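User: I want to learn to read a structure feature by feature. Please give the general idea each time, then the case at hand.

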Amino acid sequence: MTAASQPEQPRRSFLRLLAVVARRDYLRTVRRRGFIFGTAMLPAAMIGFTVLSTLFAPAMQPGPPPSLSVVNESAVAIRAPAGMQVALLDRAAAEAALGRGDITEFYVIPAGYPADPQVARVSGASSPPGIDQLQRHVAQEQALAVVLRASLVAGSSLPPSVGERLIHLFTILFVLSIFITSGYLLQSVTEEKENRVVEILLSSVPPGPLMAGKVLGLGAAGLTQVAIWVATALAALPLVVERVPALSGVSVSPTLLLLSFLFFVLGYLAYGAIFAAIGAIAPGTREAQQYSGFFGFFAVIPLIFAGAFFADPGSPLVVALALIPLTAPAAMLQLLAIAPEPPWLLMAASLVSLGTFALLATIGAARIFRATLLLYGSRPSISRIISAVTARG
Amino acid sequence: MALQHQPAAQPVLVEDVSKRFGRMEVVSGLSFEVRAGEVLGFLGPNGAGKTTMMRMVLDIIRPDSGRIEVFGGRPGLAQQQRVGYLPEERGLYRDVTALDTLTYFGSLKGLSGGDARRRAVELLRDLGLGDSLHKKAGELSRGMHQKVQVIATVLHQPDLLILDEPFQGLDPVNAQLLRDLVVSQRDRGAAVVMSTHDMNEAQALCDRLLLIDHGRRVLYGSLAEIRRGYASGAVEVVGEALPTEPGQLRSVAAASALDGMMRYTLRDGASAGDLFRELAGAGVSVSRFEVAAPTLNEIFIRAVARA
């Protein structure tokens, strides 16, 4: 008889089995073609954007943002986004500089701005402008529009339309990441059920460490993918900003990154537990995808109501979406991106709500796992699912 | 790693175990034991509760009441690692090689990754799958699948094997392979529990039998003991002008002609003496009269009908 047939200490075995399952599911997932393709897509898109903009942009490239000379007669405080050169002058100094030929033109923001939006351009040239001058004027006026919009939105260095779109985009990516990662769990469970491997697994690993190992291994695979995306995005940001001046001033704070990571993990645990239970309950892959799609609707509700977040981040709707566990990840990411300071109290309440739900969902899913996983090709009754979740021990 | 071994502990002890799914009681007050170095045949009609009972021993599902001990402890992690299980519904990861699948299963049973891989290679080669080590399961034939599944059951040299309908769907070559495996595992001291509908296999391989129906124990003991209990069930008679219909003899429930003799299955309560007196009274010439040892199939049918 070999040592293989001798018992180990249960705790040691629990952790060892968890590690074996996690390692195996992680490696199997990250080696899949679909995973490699999906992970490489974003970096490839970034590289493609950079290459294309380098190849085709030189002819249109306006070069660095034009320097502006501005006479501000309004009450609006002019804020120049990072990377833009704006010289604020009084009227007399501007005219003197124009007379000396130090500058070729200046812009006058009227006293009634923004109610009176007519910004005047004062130029020293008497002859009709050439093509080069016209191009410079267009570039200057675009830059001025960016400066004025940034100045009108206190505390924001971005024009609101661009900022909103960016936050929306990041929230979609965030929710997508949670779903892709939870999807690995769903795929793994349904595959083992369909391949009739699950009973062999359950005869070697109790449902607890089996599910914990899967959650850990596949969560790590999802995090690997997200980490590659985030690292690529952060590395590419300066290059992108260089080519899209409207994005100047975009930055991702470490606090936002940390909190996003926290909500990602808890969101994944909550949805992952639900998806694992769906995988155990559903008779086949198609049904499993249908059921999981239903829960996908909850995750995108905050995106549907994105307007409410920008209009009034403290509205009851926003608070409710931040506190409901299944909508909390997307809602809080939007809130964190919009608010100048994280809403700490709401965030703590949201974390508690989401964390508690994730814990209960994981326990419930492990029980459903044990009770329904071996019902090949048939769907368990609602009463059986409920009795599995509420069973003692 | 110094690990404790418990050779003296009873492989399986089940006492008064019951399990209910909803309103249906699947296992009811069942008790039995499995000893080291024996093959226990687990028999019963479909839906009798055999698979449920096996899953409870494996800790895949939990009993509602009663006591189950595996190697002296409650079924759990430590016990699972000493058990090899071949489920009735069995398969493999289709897009993973046989070697990788076996290495994973071996690791789950407590082997190190290296040991699991080494043993898997040995066993795959022993069973003629040396050329298929790196083929994905989807590329293997059904017979090869079956061999890999059997290897997965014994890879870690378990002290207890639980085989649920192991001969179902096996080709003759793999059926013989499995028979040899059961015998070799028993001979090295492992306990084997084997559920089957194939009475010939059970008769040939099992040291003791447990027959259950509707979750209750109907028969339990060695084949010889069980046969003794049903010994008066049939009589084989050679003679001339023997009655061929059961209605012609009061003590007979069924009659069949076989190899120049008649085999009479007696009614409940009737004895071989009753039949002999009837035949003598009818003036039939009898050259041989022998109480037949019942086949396991007959015992199964009679026991289930009686239950």
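User: Buried or exposed: which is D16(B)?

Analyst: Count neighbours. A residue is buried if 20 or more other C-beta atoms lie within 10 Å of its own, exposed if 12 or fewer, and partly exposed in between, with C-beta atoms placed from the backbone. D16(B) has 12 other C-beta atoms within 10 Å, so it is exposed. This is a predicted model: local features need pLDDT of at least 70, side-chain atom pairs count only at pLDDT 80 or more, and totals for chains, interfaces and linings use all residues. Residues are numbered from 1 along each chain as its sequence is written, while chains are lettered from A and ligands numbered from 1 in the order in which they are written.

User: Where is D16(B) found?

Analyst: Elements first. Helices (H or I, at least four residues) and strands (E, at least two) are DSSP runs, numbered from the N terminus. D16(B) sits in strand β1 (residues 12-21) of chain B. Its phi is positive, near 50°, and it is not a glycine.

User: What is the place of H214(B)?

Analyst: H214(B) lies in the loop between β8 and β9 of chain B. Its phi is also positive, about 50°, and again the residue is not a glycine. H214(B) counts as partly exposed because it has 17 C-beta neighbours inside 10 Å. The hairpin of β8(B) and β9(B) has 2 residues between the strands.

User: How do I read the sheet order in chain B?

Analyst: Strands of a sheet pair through backbone hydrogen bonds, either parallel or antiparallel. Here, two strands pair if DSSP finds at least two bridges between them. The sheet is open, has 6 strands and mixed pairing, and reads β5-β6-β7-β3-β8-β9 (chain B). β5 (83-86) and β9 (216-222) of chain B are at the edges with a single partner strand each, so one side of each lacks a neighbour in the sheet. From one strand to the next, the twist averages 15°.

User: Which strands run parallel, and which antiparallel?

Analyst: β6 (residues 160-164) and β7 (residues 191-195) of chain B run parallel, joined by 5 bridges. D164(B) is opposite S195(B) in β7(B). β3(B) and β8(B) also pair in the parallel sense, over 4 bridges. There, L43(B) has L211(B) as its bridge partner in β8(B). β8(B) and β9(B) run antiparallel, with 6 bridges.

User: How many residues of β8(B) are buried?

Analyst: 5 of the 6, so β8(B) is largely enclosed by the rest of the structure.

User: What does helix α1 of chain B lie across?

Analyst: Axes come first. They are lines fitted to C-alpha atoms, for helices over the stretch in contact, and angles run from 0 to 180 degrees between N-to-C directions. Contact means that two C-beta atoms, placed from the backbone, lie within 7 Å. Helix α1 (residues 50-57) of chain B lies across β3 (39-43), β6, β7 and β8 (208-213) of chain B, at about 155° to β6(B). Helix α5 (residues 142-154) of chain B packs on the sheet too, touching β5 and β6 of chain B, with its direction at about 160° to that of β5(B).

User: Now chain A. At what angle do α11 and α12 of chain A cross?

Analyst: Two packed helices are described by the angle between their axes and the distance between the axes. The axes of α11 (residues 316-323) and α12 (residues 328-338) of chain A come within 7 Å and cross at roughly 125°. That makes α11(A) oblique to α12(A). The classes: under 35 degrees is roughly parallel, over 145 roughly antiparallel, 65 to 115 roughly perpendicular, and the rest oblique.

User: Which residues of α11(A) and α12(A) meet?

Analyst: V318(A), L321(A), A322(A) and L323(A) of α11(A) meet A328(A), A331(A), M332(A) and L335(A) of α12(A). The contact has 8 nonpolar, no polar and no charged residues. Nonpolar covers Ala, Val, Leu, Ile, Met, Phe, Trp, Tyr, Cys and Pro; charged covers Asp, Glu, Lys and Arg; the others, Gly among them, are polar.

User: Which residues touch the most other members of the largest nonpolar core?

Analyst: In soluble globular proteins, nonpolar side chains tend to be buried together. A nonpolar core is a set of buried Ala, Val, Leu, Ile, Met, Phe, Trp, Tyr and Cys residues joined through C-beta atoms within 7 Å. The largest has 130 residues, and A270(A), A276(A), A277(A), I162(B) and V192(B) touch the most other members. Helix α8 (residues 254-281) of chain A gives the most to this core, 16 residues. A separate second core has 12 residues, including A80(A) and M84(A).
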